[in-house]
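Welcome! Here is a friendly briefing to read with the sequence and the 3D view side by side. Take it one topic at a time.

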Amino acid sequence: MAKLLYVEASPRKQRSASIEVARAFLAAYRAAHPADTIETVDVWNLDLPAFDGHALDAKYAALNGVERTPEQQAIWARISELARPLREADKLVFSLPMWNFGIPYRLKHYIDVVSQKDLLFTFDEKGLNGLLGGKKALAIYARGAEFGADSQTPAAGWDLQAGYMDLWFRFTGITDVSAVYLEKTLYGPDADRAAREAACAEAVALARTF
Ligand SMILES: Cc1cc2nc3c(=O)[nH]c(=O)nc-3n(C[C@H](O)[C@H](O)[C@H](O)COP(=O)(O)O)c2cc1C
């Protein structure tokens, strides 16, 4: 029995393109893997602590070998608890819209909170060592524009959405990464519908073997 964690990053819910595709994927996944468990993290409905000076003091206390104060221990307990589902899952599925060519700030906040030494990675003088190795990941990327080589916004240089997630997967040790893209969702209702249908079909096919 495997554990799948689904991280949802669009606040648009019923109208969201990325969530529509994720829901198609999860329904097909459930049908193909009935014994597996699925946990959902909606980054818009998560009580994320500010990653501010207090959190950084707690972070650097450990890095500097200083004992954490009770307040810092409480902050770190909350951060560890938020990272726990990522550590415990066998498979990770992210769905996210592109915002200003990158990822939504709320997903970045989540990633900044959970991406901590000894939780998702370690490092020493030899370099970084991701702690999420061995997991599978899928990212479902929705974007309003088109990112082909001949478009005004070619992926190279403009796509900091998939680029950032790919880097984060690599940083945390995840090498088995799949992706489904929906593009041109802002090119009118027909283009939006076509993008959703093609991506749903791709996601459903992927779910059977994920
Ligand atoms: C705040 C914001 C910024 C956006 N920035 C971009 C962008 O830089 N490039 C792009 O192609 N689409 C951009 N879009 C469009 C969305 O990526 C697109 O509508 C996507 O399909 C939304 O996915 P969702 O329906 O799952 O939220 C932006 C949308 C919003 C709300």
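A residue is called buried if 20 or more other C-beta atoms lie within 10 Å of its own, exposed if 12 or fewer do, and partly exposed in between, with C-beta atoms placed from the backbone. Tyrosine 141 counts as buried because it has 24 C-beta neighbours inside 10 Å. This is a predicted model, in which local features need pLDDT of at least 70 and side-chain atom pairs count only at pLDDT 80 or more, while totals for chains, interfaces and linings use all residues. Residues are numbered from 1 along each chain as its sequence is written.

**The whole chain**

- The chain holds 7 helices and 7 strands; helices (H or I, at least four residues) and strands (E, at least two) are DSSP runs, numbered from the N terminus.
- Reading from the N terminus, the order of elements is β-α-β-α-α-β-α-β-β-β-α-α-β-α.
- Along its principal axes, the C-alpha trace spans about 60 × 45 × 35 Å.
- Of the 210 residues in the chain, 32% are buried.
- Two residues are in contact if their C-beta atoms, placed from the backbone, lie within 7 Å. Among contacts between residues at least 6 apart in sequence, 75% join residues at least 24 apart.

**Around tyrosine 141**

- Tyrosine 141 sits in strand β6.
- Leaving out residues up to four places away in sequence, tyrosine 141 touches Leu96, Met98, Gln161, Ala162, Ala179 and Tyr181.
- Glutamate 183 is 42 residues from tyrosine 141 along the chain, yet their C-alpha atoms are separated by 8.2 Å.

**Helix α1**

- The 16 residues of α1 (residues 17-32) should span 22 Å, and the end C-alpha atoms are 23 Å apart, which agrees; the expected span is 1.5 Å times one less than the number of residues.
- Buried residues of α1 include Ala17, Ser18, Ile19 and Phe25.
- Among the elements that cover the buried residues of α1 are β1 (3-8), β3 (91-97) and α7 (189-209).

**Helix α6**

- Which residues of α6 are buried? They are Gln161, Met165, Trp168 and Phe169.
- These residues cover an arc of only 100 degrees around the axis, so they lie on the same side of α6; the arc is that of the directions from the helix axis to the C-beta atoms.
- The buried residues of α6 pack against β3, α4 (105-114), β6 and β7.
- After α6 comes glycine 173, with a positive phi near 95 degrees.

**The ligand shell**

- Of the 17 residues around the ligand, Ser10, Ser18, Pro97, Gly144 and Ala145 come nearest; a residue is near a molecule if its C-beta atom, placed from the backbone, lies within 6 Å of it.
- Helix α1 gives the largest share of this shell, 3 residues.

**Positive phi away from glycine**

- Most residues other than glycine have a negative phi.
- Lysine 13, in the loop between β1 and α1, has a positive phi of about 45 degrees.
- Lysine 13 counts as exposed because it has 10 C-beta neighbours inside 10 Å.
- Aspartate 118, in the loop between α4 and β4 (121-124), has a positive phi of about 75 degrees.
- With 12 C-beta neighbours inside 10 Å, aspartate 118 counts as exposed.
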